Amino acid sequence: MLFTSPAFVIFFTLFFLLYWYVFRGSLRLQNLLILTGSYLFYAWWDWRFLFLLVGNSILNYFLGIGLAKSNSPKYRNFLLWIGLIQGLGSLVFFKYFNFFINSIISAFSVFNMKADIQTLNIILPLGISFYTFKTISYLLEIKKGKIKPVTDWVVFFSYISFFPTVISGPIDRPKTLIPQLEKQRVFDYSQASDGMRQILWGLFKKIVIADNCAAITAPAFAHYDTLPASSLLFAVFLFTIQLYADFSGYSDMAIGLARLLGFKITRNFNFPFFAQSIPDFWRRWHISLTSWFTDYVFNPLSWYFRDYGKFGLILAILINFTAIGIWHGANWTFIVFGFLHGCFFIPFILSGNLNKKKKGAHATAGKSLAAFINMAGTFILLMLTFMIFRADNLSTALGYYHKLFSSSIFYSFTITEKANTIATMIAIAVMLSAEWLQRDKQHALQIDAVKGLPVRALIYFGLIFFILSFSPVKVVDFIYFKF
Amino acid sequence: MFKTLLFVMPVFVFFEVLFRLGFAPIVTNSTLFDIKMLAVQKHHIKNVKLLAMGSSVGLYELDSKTIVQNFNMPYYNFSSWGLQITDTRLLLSSFVKKYHPKYVLLCSSIGEFVGPQNDTYLNFINANDFIKDKLPELFYFTNYSSIHQLVYRKFNTYPLALDNWGGASLSVKQKNINREKWNEHDIFPTKYTPANYIALDSLASLLKREHVKFVFIQVPIKKSYSNTDQSKQIIQVHFDKCKSIVEAHDGTYLNYYNTTVFTDSLFIDQYHLQAEGAVILTKEIVADLEKIIK
């Protein structure tokens, strides 16, 4: 069930009432409720893959305990490898099997040879990319001795399947979520009300901005060859916004829901469109994923290549970002997207500025023109690379570029749904303005400092009215569900 | 919880106000159907012994006053713009269970055999009876549409005044008749026509099983529509096909295609009669129905 669906509203309302009014006194019962609710939530999507989730949880539960108990390094490595092979193996099978087969077939065809290999009709289990990374980080943290294994199976299973985040993250680390599951939660009114505000903000971004953008971008990309380049440029701009609004909207809702239950989970976005460089962007975009890759891929690789100086670092970055690209899906477009973004780090590595924050990072556009130019330039680079991300395949992506850099960029284009397009543009302006003004907060609607109740009510009801007035005809699935 | 309710209640109140102001929830993609179902709910229509169904031809060409003056039984016209026979089959399966009619009049012309089924009617059929009968406001949430869509629909809908029995009439001065509409000639048959014949057969079979007398009424067609031998043959084949289907299930087939009685001056376009023509047609129908309806 989507967070925006009536079924989820009913589910969560009942869950909330049981959680805080019936089971409040018992930590065990609360956790059991979380586990039951999480499995119900997951099974609602597709009950068949619940077995995979449960099986994954059982295996990693025992592997974690085994890792901590054993004193033999060999045996510990063996257990770790079982966990890694199972997790990554499932991921590779479900996500990449057909991609590998098709790539082999294509490679053979280059030499005019035919590879007689069959693809399979594989359905991607929802959330597998996210919960697999949770189990891997759990095992690696135990192996490194950074955390102790969880002996309470309810806590561990709840950690893996925690319903606000199981489908599309954020990817919580064990030391973030598990301690919170192990201790009694106390209802904190200010945390809960801020959680509600964050949900409202997420709803606004998802329904008004992302879904309305989708209604415009989908036909534009589908018919890009018959439309002027200006139309494609507009679609690319909107798609960049759509991707952010969709994913950050989901993350805001997930974080808000968790806060309503007394949990503080990992922040996933830190206003990435205000980044002044690509490295800065990746410190602000899908933070839980990039930090995961930094800790478990980039850091080990940069240590391994340490003898090669800056070139070792470049190699580590390229591998890291190519892997991030691959994580997104089984398509060469994602691989190229990731690799390109890795390439954008090279000038910073060579100049030694990789970890330096740009001056004027928090300056207003008026005070620092350089900061504004950096932001605009970074945004344009993002737009151009998200085009590859959007394409079905590399030849379509090349087709987009070919069209974009043609003379029809100066032609005007027709907007069919004028009212919705205008409303979307206004909503985008509202979003960017609010996030700029609130850039030092966790989310744009963290307006505790606004004391006057009428003003706050006006903001809340204004957003609600905007959502009710301009939600699109068709509510679109969250984009990151397919990753 | 109280504060949450404080935020949620104004939203419900707002939608209730919208409902009272006539901004009907969007349930199907047929504005008239949605309005009509609200009218049915508002007038507490429960028991319909003589049920009329069809597309715009059924809506405009059955003069309600003529029918109710001649038949002393509860009557309602559920016709709606654009209904195809496939849609009528879908809707009647629900209406027969709900309203227990003894007679179903299906006013039809070739325009009901040309298009695909409109699956949005399922949004209404599958909705909970409580929502349909008691709280149609809940459709705002079960079939959510944005306020902008509600406003757009209300202010862009062809103005229509339904009478107390769900019918309506057309009165357009000759000089105001749209020339393009006048000269229109629907392509018939289309790729959807066979499915509509199948639906007619299924509909007739359903009514027979439910012991409901089915009366199929072929309404007049403008003379200039069938002014070639080919078009004459096409519509004759259609008439024969419908007759055989209806009568195979013990239904009654009535055909009022008569270009002498229903001259072009009584029409507004290829199939729709003006109010005057509708009265003439209904009187003829009533005369025939009196032999069937006891």
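Modeller: Chain B has a secondary structure of 13 helices and 5 strands, where helices (H or I, at least four residues) and strands (E, at least two) are DSSP runs numbered from the N terminus. Its radius of gyration is 20 Å, close to the 19 Å of the globule rule for 294 residues, so chain B is as compact as a globular protein of that length; the radius is taken over C-alpha atoms, and the rule is 2.2 Å times the number of residues to the power 0.38. This is a predicted model, in which local features need pLDDT of at least 70 and side-chain atom pairs count only at pLDDT 80 or more, while totals for chains, interfaces and linings use all residues. Residues are numbered from 1 along each chain as its sequence is written, and chains are lettered from A and ligands numbered from 1 in the order in which they are written.

The C-alpha trace of chain B spans about 75 × 45 × 40 Å along its principal axes. Of its 294 residues, 37% count as buried, meaning that 20 or more other C-beta atoms, placed from the backbone, lie within 10 Å of the residue's own; 12 or fewer make a residue exposed, and values in between partly exposed. Two residues are in contact if their C-beta atoms lie within 7 Å. Among contacts in chain B between residues at least 6 apart in sequence, 85% join residues at least 24 apart.

The contact with chain A takes 7 residues from chain B and 8 residues from chain A. On the side of chain B, helices H1 (2-20), H8 (139-142) and H9 (147-155) each supply at least two residues. That side divides into 4 nonpolar, 3 polar and no charged residues; Ala, Val, Leu, Ile, Met, Phe, Trp, Tyr, Cys and Pro count as nonpolar, Asp, Glu, Lys and Arg as charged, and the others, Gly among them, as polar. H9 of chain B also packs against the buried residues of helix H18 of chain A, together with H8 (189-222) and H17 (418-437) of chain A. Those buried residues are A:Leu463, A:Ile467, A:Leu468 and A:Phe470.

Two backbone sites remain. Most residues other than glycine have a negative phi, and most peptide bonds are trans. A cis peptide bond, with omega about -5°, joins B:Phe188 and B:Pro189; B:Pro189 is found in the loop between helix H10 (179-183) and helix H11 (193-209) of chain B. B:Asp250 has a positive phi, near 60°, and is placed in the loop between helix H12 (229-248) and strand S5 (252-255) of chain B. B:Asp250 counts as exposed because it has 11 C-beta neighbours inside 10 Å.
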